[in-house]
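Work through the following exercises with the structure open. Each task is followed by a solution in steps.

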Amino acid sequence: MRRLLVVIALVCSFTIFMRGTLAWALDLSAITQLPFLASAQLAVESTPYAGITFYRLEQTTPRPLLIHILEVDLTNPSISLDLLLGNHVLTSPRTLTSMVDQEQEVIAATNSDFFYISSTQSPVGLAIKEGVVLKGDHPDLLRPCLGWDQEGRGHIGYWSWEGILRLPTSNESFPIAAFNDIYLPSNGLVMYNSYWGTRVPQNIVQQAALAVSIKEDTVQEIRQNPNQITINPDTTYLLAFGPMASQLLTLIAPGSKVEIEEVFYGPAGLKLAVCGFPMLVEEGRILTDFPDWLNGPNPRTAAGLNEEGTALTLMVVDGRSQISHGMTLDELAQFSAALGLYSALNFDGGGSSTMVMRQPLGQAMVLNNLPDNVQRAIPIALALRSVPVVIDWAEIWSTITAKYSTHSLLDFTEEAITLSFAPNSIQGELLITQGPVLEDGTTALAARLDFVPEATLRRRELSLDLAEPVELPENARQLGAWVYAEIPAPYAIEATITDKEGTAHRLVLTETIDWTGWLYISAELPDAVPATTFSSLHVIIPPLKRGELTRLYFQTIMVGVDDEQRPTKRWELVP
């Protein structure tokens, strides 16, 4: 898996301003006025996708907290919102990464609505995808929803669905109480279709007095006291409960023409809607008095909008770990308001809280820290779509140009490369020496990095910095390096490249060291970020991660313009 994140700034003042036009910029001074975030620090990273910025907020005191934030510019024409369903139905949960991987144009996603985890696995609230209602609201559960309309504007509010069964021959009509939900009326109708899944819940079917299947506005079959129902595509199923069943039996038969009218009470032209609970901020007002059963400190997922509905904010708060204790709903509401959100709602949290981003040329990657490091399968997610990154491949592989090779790791001197740390409390040293023997029996000069990976709550970074950045060929497509590891470790290795405008970018060569011996690691250079120079290699140790690996060797760095001559053996060096 390859990922690229553009590091813009680390907190060094109370307010962060970013290049370009954003819907808003985080004001750390407002955030640190909250007593539970008094010492928070903010890292700001741009992503490879236009209109999306990733923030990470962290602190160690007064209690550990780690918060992940995606700020989305809804006015950007390349951005669109979507709902993801496990296996494209409401009742087939999957992990969020697998949902994103099944939709190639999805670039990021978070979990969203609560769901009936111990029964049908279906979401609780209203769901609209591509302008089509997939699920109505539960009549007895008032839920706030997030929506996105045809004009690209976001909305948050309380909305509802209503269905009506009309019988043209008798000119009678009957309300449909619920749609693709577990609600059971004492006297009424409930509707299901293929968005639900393959079967209507057995316990619901057995309590119904009548089942009616409808296709192309025509009654196909009527069953009294049904036992089970398998859902067929393009077919609608109505279950009748109480006296309404007997009344319908006198009015319809197989072959009868019927009409089903759906009415939505909410903003016009919604293309998407998904619900949560409870509302956190409503028209600028911080809400309180949340249910005790839901208000403890936990991992959290939330979403919010600015007053104009032009900026969407997605948040995931880590919890249940030494890195982050989580937030209460009261704290989450205060935090949402401190971010400047005009409206915000809480999504499902706890083990469901997940934020995922697709890397430009790879699979989906989880951005937050999961409880027990395990993704929970969920039925529905809120996703961001964007124009995909397109990579053009050139003709051949080559080593770095002559100017570069004079500064390559094969020829480095103590003066040409330096070692730096973040934070600077990390201990380590750099030695230019003969590297470990290759499988062909030869050795070569390498940069040996020795370090002490103490376990802390903070991310640690060790960097090999060139005294002078080196130029890359104009047709460069990939950048890579040979790395020797004695044992595997959960460390990432990144490179710093610079584009034509002088902006520094991070290119991830590997997300984890999962090999021993020599291995060539590399990553593609997206056309969206034309690189001109290379300046640093970095070893990244995540918070609380501590492996036994304390020494790494770095050898030849190469740039490629094609994939065909890429090193294939673990030890092979390309001339």
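**Exercise 1.** In this predicted model, find the rings over which the charged end of R143 sits.

*Solution.* Start with F114: the charged end of R143 sits over this ring, 5.9 Å from its centre. A charge counts as sitting over a ring only if it is within 6 Å of the ring centre and within 35 degrees of the ring normal. Next take F277, where the charged end of R143 lies over the ring at 4.5 Å from the centre.

**Exercise 2.** Classify the aromatic pair of Y484 and Y553, and state which parts of the chain the pair ties together.

*Solution.* The structure holds seven aromatic pairs. For Y484 and Y553, the distance is 5.7 Å centre to centre and the planes stand at 80°. Planes over 60 degrees apart count as edge-to-face, and the pair of Y484 and Y553 is edge-to-face. Now locate the residues: Y484 is in strand 32 (residues 478–485) and Y553 in strand 37 (residues 551–560), so the pair ties together parts 69 residues apart in sequence. Y553 has a relative accessible area of 9% and is buried. Finally, Y484 and Y553 belong to one aromatic cluster with W518.

How values were computed. Residues are numbered from 1 along each chain as its sequence is written. This is a predicted model: local features need pLDDT of at least 70, side-chain atom pairs count only at pLDDT 80 or more; totals for chains, interfaces and linings use all residues. Side-chain values use heavy atoms; hydrogens and water are left out. Rings of Phe, Tyr and Trp (its six-membered ring) pair if their centres lie within 6.5 Å; planes under 30 degrees apart count as stacked, over 60 as edge-to-face and the rest as tilted. Helices (H or I, at least four residues) and strands (E, at least two) are DSSP runs, numbered from the N terminus. Buried means under 20% relative accessible area, exposed over 50%, partly exposed in between (1.4 Å probe, protein chains only).
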